[in-house]
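User: I would like to go through this structure term by term, asking on what grounds each label is given. Please set each value against its definition.

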Amino acid sequence: MSLKVEAWFPQLIWSGLLENTQNDELEKFAYERKEADTGVSNSNYIGWQSGSIHFNDNETFDKLIEAITGHIEECRQLVDLPEIQLYNTWININSPGAYNHLHNHPMALFSGVYYVKSNEEQGNIFFERSDGAEYFLPPNVPKHNYFNGSATSYRAITGALYIFPGWLKHSVQPNRTDEDRISISFNYGVKQ
């Protein structure tokens, strides 16, 4: 007899590099918004997070969100979810030493980040599984893989787009350079 294998409760992370994005214009908009917006304090330590950015606030930003929405739609179809919509999007400027605590995004089916200006020394995004597997897996497992891994990280590089379930716990490692890391985060959920 052969056993059938089924992948229940997988933690999917979609990743890629967006092309034809006007990062210089997005960076300019980020600093303009920072001047006009005191920001919010959620998971950020030292860094600045804007309030929600709305459609028609900036044409270049709108084009980026339209591109991201196209990728979100592909993700939605792949996992067979009902129609979804953009809930909110915001800008992150993580200055030297800034990072984001471990958190998730309640009510979001898909969350994600796009890196406007970043490199690996400025702190990668770090994902952790939260099913308690670390209490059962032996510490000397010879090879880290998708089944037995308890955490993974993705490189914070300019142009990178990462999409993941809103319930997946994640953090952003400290910016260890003298320059700001700029990213745009977003949440999508059930269409209302």
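Analyst: Two strands are taken to pair if DSSP finds at least two bridges between them, and the strands themselves are DSSP runs of E with at least two residues, while helices are runs of H or I with at least four, numbered from the N terminus. This is a predicted model, in which local features need pLDDT of at least 70 and side-chain atom pairs count only at pLDDT 80 or more, whereas totals for chains, interfaces and linings use all residues. Residues are numbered from 1 along each chain as its sequence is written, and side-chain values use heavy atoms, with hydrogens and water left out.

User: What is the order of the strands in the open sheet, and which strands stand at the edges?

Analyst: The six strands of the open sheet run in the order β1-β9-β6-β11-β4-β3, with antiparallel pairing. β1 (14-17) and β3 (48-49) each have a single partner strand, so one side of each is left without a neighbour in the sheet, and these two stand at the edges.

User: How do you know that β1 and β9 pair?

Analyst: The definition asks for at least two bridges, and β1 and β9 (residues 160-165) have four, in the antiparallel sense; they therefore count as paired. Within this pairing, Gly16 has Leu161 in β9 as its bridge partner. Helix α1 (residues 23-36) packs on the sheet, touching β3, β4, β6 (110-117) and β11 (181-190), and its direction makes about 100 degrees with that of β6. Such angles run from 0 to 180 degrees between N-to-C directions, with axes fitted to C-alpha atoms, for helices over the stretch in contact.

User: Why is the pair of Arg76 and Glu73 called a salt bridge?

Analyst: A salt bridge needs a side-chain nitrogen of Lys or Arg within 4 Å of a carboxyl oxygen of Asp or Glu. The closest N and O atoms of Arg76 and Glu73 are 2.6 Å apart, so the pair meets the definition. Both residues lie in helix α2, three residues apart, about one turn of the helix.

User: What makes Arg76 buried and Glu73 partly exposed?

Analyst: Buried means under 20% relative accessible area, exposed over 50%, and partly exposed in between, with a 1.4 Å probe and protein chains only. Arg76, with 14%, is therefore buried, whereas Glu73, at 30%, counts as partly exposed.

User: Which parts does the salt bridge of Lys191 and Glu83 tie together?

Analyst: The side chains of Lys191 and Glu83 meet at 3.5 Å, N to O. Lys191 lies in the segment after β11 and Glu83 in the loop between α2 and β4, so the pair ties together parts that are 108 residues apart in sequence. Lys191, at 48%, counts as partly exposed, while Glu83, with 52%, is exposed.

User: Why is His103 called buried, and what does His103 contact?

Analyst: His103 lies in strand β5 (residues 99-103) and has 17% relative accessibility, so the residue counts as buried. Contact means heavy atoms within 4.5 Å; leaving aside neighbours within four places in sequence, His103 is in contact with Ser43, Leu168, Lys169 and His170.

User: Where is Val79, and how is its accessibility classed?

Analyst: Val79 is in the loop between α2 (59-78) and β4 (84-94), and its 31% relative accessibility makes it partly exposed.
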